[in-house]
Amino acid sequence: MIETLLVFPAPPPPELSQCLDAKGWIWKAINNSDSALTDQPDTGWAGGVIVADSHPKEALSLCRQLRQTENPLVPILLLISKGQLNNFEVNENLFDDFCITPFHPEELEIRLNNLFLKFGLGTQPDLIKYGSLVLNIETYQATIDDSPLDLTYMEYELLRFLAMRPGKVFTRETLLSEVWGYDYYGGGRTVDVHIRRLRAKLGEEHANLISTVRSVGYRFGQSRWGS
Amino acid sequence: MMNKIQENRNHAQFDYVFRTVEERGVRLIRLWFTDVLGRHKSVAISPAELETVFEEGLQFDGSAIDGFSRIQESDVLARPDPSTFELLPWVADDEASGTMFCNITNLDGTPFAGDPRQVLQRNIDQAREDGYEMFCAPEIEFFYFANQENGLQPIPLDQASYFDLTTMDVASDLRRHTLHMLEALSIPVEYSFHEDSPSQHEIDLQYTDALNMADSVMTLRLAVKKIAIDRGVYATFMPKPLNGVQGSGMHTHLSLFSEGKNVFHDPSGNLSLTGQSFVAGLLYHAREITAITNQLVNSYKRINEGYEAPRYVSWARNNRSSLVRIPVHKQDKPDSARIEYRAVDPACNPYLAFSVMLAAGLKGIKENYELPPEATTNLYEMSRAEQKELGVASLPANLSEALDEMEESDLVREALGDHIFEWFLRNKRTEWNEYQRQVTPFEIEQYLPNW
């Protein structure tokens, strides 16, 4: 099962959403790189379908942002119009295949299937790696410099959430609702408590993997979009 | 919908424990709980039993546990809380052991009334209904004594005093090792230093929610003792082990949050009106809750001696003889607004102590208690007449007096529930009566030569 495809823009053209639904793809439409991060499913995006015929500039810049990260998004299928082909330059690795709009539903399906065959069924990583930190999603184990980190469940969940989205700044409220869920009462302070514990367990050398962004929240790893 | 999410969360937590046990080669899982007096209880199971224990709980005879006995049914179930799962850091890898705190239930699954952890949970739930979440940060004092073969004697390890640099000491090494272990057990330490008295030490914990903190206090007491014993030293949380020097307290910083905001904060940097009512509640009910916050005959030797232990029911911004201290907090740091309740000692049952403090403070808020004036002078230097004029009450002078106060208290009965309330009074009356019958060394010394 492949889930979830990132689709741009939101809402996508009706013929695209109909086609994806008809073939049973699980997808979610987003409008910019920020929502590509915030709406990302826990297991990460499985791949992307980017429509570039209506908003070519935004679409290509999104591809660039999705690719130029610690965990570049693959595969990406680009939809472009025939007219765009004339002055289309390929000088960056921004997509893995393309399809001309208006597209034929069968062709889109074959291209997508072919991409997933080539890149493996679903790209949900079993491992999240960042520097010397490795999280194994399957076994719930975390290691740093190859030695195991002994975490409580919530510490692990918080680290996993952050490590899957390096460079992005999250407010305490967002972390609370994304990691703890809305039924939790503790408030933002609970997040601080767990960040403090995580840093202690990561050890002095790695404690700065999680940085405090003053009066905003927390960020894992280096700033992602250069801000 | 919410139940579904909770169910998934629980499922993931169980899964997390199973996988960790498997991946880390855990041999033994220690299930922890607490008797009514606050003593640590542990029962070990093998990984093979884990699934059944998660599903059905671990059945045992509660009659052997202090405060668990009942007339009809003595069997209870220990149900481990997977969110508390940790690997014990002081155990070698080839003997890897995990621990979990348990809730104790009746055989029909309802919470067992004698389980202190669920008493605290119930008080927390009640506070949440009113929209409040309490955070605690205790400062835990204790002594290291030389461990003797022939019975325990309070012989200090060192004669170092406050903030002395004693890097070469056994005690410093012990403390460093303990801090390391505490961090590994998800218990962040804010400060740790040498206290006033010989061989006395203090560890200040970073705030967390009340239930988590009560668990942490239990773990800390175990860790401190365990690490000491491994190095041939005896650690004690007894409130007043030595004559003539100050005892061990557990001053507890409290703050109250509502919708993510600290309700003790006021832009002026003073305590908010809500905070003032909370403190008024603590002061008003202080005498009733003292048996719980200071539960030993010995606890009152600490309180009566003074030093940093409060003897009077009063509050101040900066007066160490006061029961409640209200530190001025920085205006730009609203989250740090807090109050400090100074009666508690480290031999308390933290679940019950946090329960009664929370109940007393919330009562103050609910009923809009008014904060009495600040005690600006040192109350120890006042005559009893002057104190009376100021309307200053004393804390109970001994356990017996504290039990009398507690027995009359609807607040404490409600906070603890009938089962614990009545058992505690019975048990502690017996303790007091036994103590009363003792002929003490003091009497022999004073009276034998003269009479």
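**Two chains, their contacts and their exceptions**

Let us begin with one residue: Asn368(B) counts as exposed, with 12 C-beta neighbours inside 10 Å. Asn368(B) is found in the loop between α9 and α10 (384-390) of chain B. Its phi is near 55 degrees, which is a positive value in a residue other than glycine.

Before we go on, a word on the model. It is a predicted one, in which local features need pLDDT of at least 70 and side-chain atom pairs count only at pLDDT 80 or more, while totals for chains, interfaces and linings use all residues. Residues are numbered from 1 along each chain as its sequence is written, and chains are lettered from A and ligands numbered from 1 in the order in which they are written. The helices are DSSP runs of H or I with at least four residues, the strands are runs of E with at least two, and both are numbered from the N terminus.

Tyr140(A) is not a glycine, yet its phi is positive, about 65 degrees. Its loop lies between β7 (133-136) and β8 (141-144) of chain A. Is Tyr140(A) buried or exposed? Tyr140(A) is buried, because 21 other C-beta atoms lie within 10 Å.

Chain A also holds two cis peptide bonds to note. One joins Phe8(A) and Pro9(A), with omega about 0 degrees. Another runs from Ala10(A) to Pro11(A), with omega near -10 degrees. Pro9(A) is placed in the loop between β1 (5-8) and α1 (14-22) of chain A, and Pro11(A) lies in the loop between β1 and α1 of chain A. As a general point, most residues other than glycine have a negative phi, and most peptide bonds are trans.

Next, the domains, whose bounds come from an automatic or database domain assignment. Chain A divides into domain 1 (5-119) and domain 2 (127-220). Over C-alpha atoms, the centres of these two domains of chain A are 30 Å apart. Two residues are in contact if their C-beta atoms, placed from the backbone, lie within 7 Å. In chain A, four residues of domain 1 are in contact with five residues of domain 2.

In chain B, the assignment gives domain 1 (2-112) and domain 2 (122-444). Their centres, taken over C-alpha atoms, are separated by 28 Å. Eleven residues from domain 1 of chain B and 17 residues from domain 2 of chain B take part in the contact.

How do the two chains meet? In all, 28 residues of chain B are in contact with 22 residues of chain A. On the side of chain B that touches chain A, at least two residues each come from α1 (2-23), β5 (86-87), β7 (133-146), α4 (170-184) and β10 (208-209) of chain B. Which of them gives the most? That is α1(B), with nine residues. By class, this side of chain B has ten nonpolar, eight polar and ten charged residues. Here Ala, Val, Leu, Ile, Met, Phe, Trp, Tyr, Cys and Pro count as nonpolar, Asp, Glu, Lys and Arg as charged, and the others, Gly among them, as polar.

Let me turn to helix packing. Axes are lines fitted to C-alpha atoms, for helices over the stretch in contact, and angles run from 0 to 180 degrees between N-to-C directions. Angles under 35 degrees count as roughly parallel, over 145 as roughly antiparallel, 65 to 115 as roughly perpendicular and the rest as oblique. In chain B, α4(B) packs against helix α5 (residues 210-230) at an angle of about 140 degrees, the axes being 10 Å apart. That makes α4(B) oblique to α5(B). Their contact includes Leu174(B) of α4(B) and Leu220(B) of α5(B). It has eight nonpolar, two polar and no charged residues.

A second pair is helix α6 (residues 273-284) and helix α9 (residues 350-366) of chain B, at an angle of about 125 degrees with axes 6 Å apart. The pair α6(B) and α9(B) is therefore oblique. Among the residues in this contact are Phe278(B) of α6(B) and Met357(B) of α9(B).

Finally, helix α7 (residues 286-293) of chain B is mostly covered, with eight of its eight residues buried. Among them are Arg287(B) and Glu288(B).

How values were computed: A residue is buried if 20 or more other C-beta atoms lie within 10 Å of its own, exposed if 12 or fewer, and partly exposed in between; C-beta atoms are placed from the backbone.
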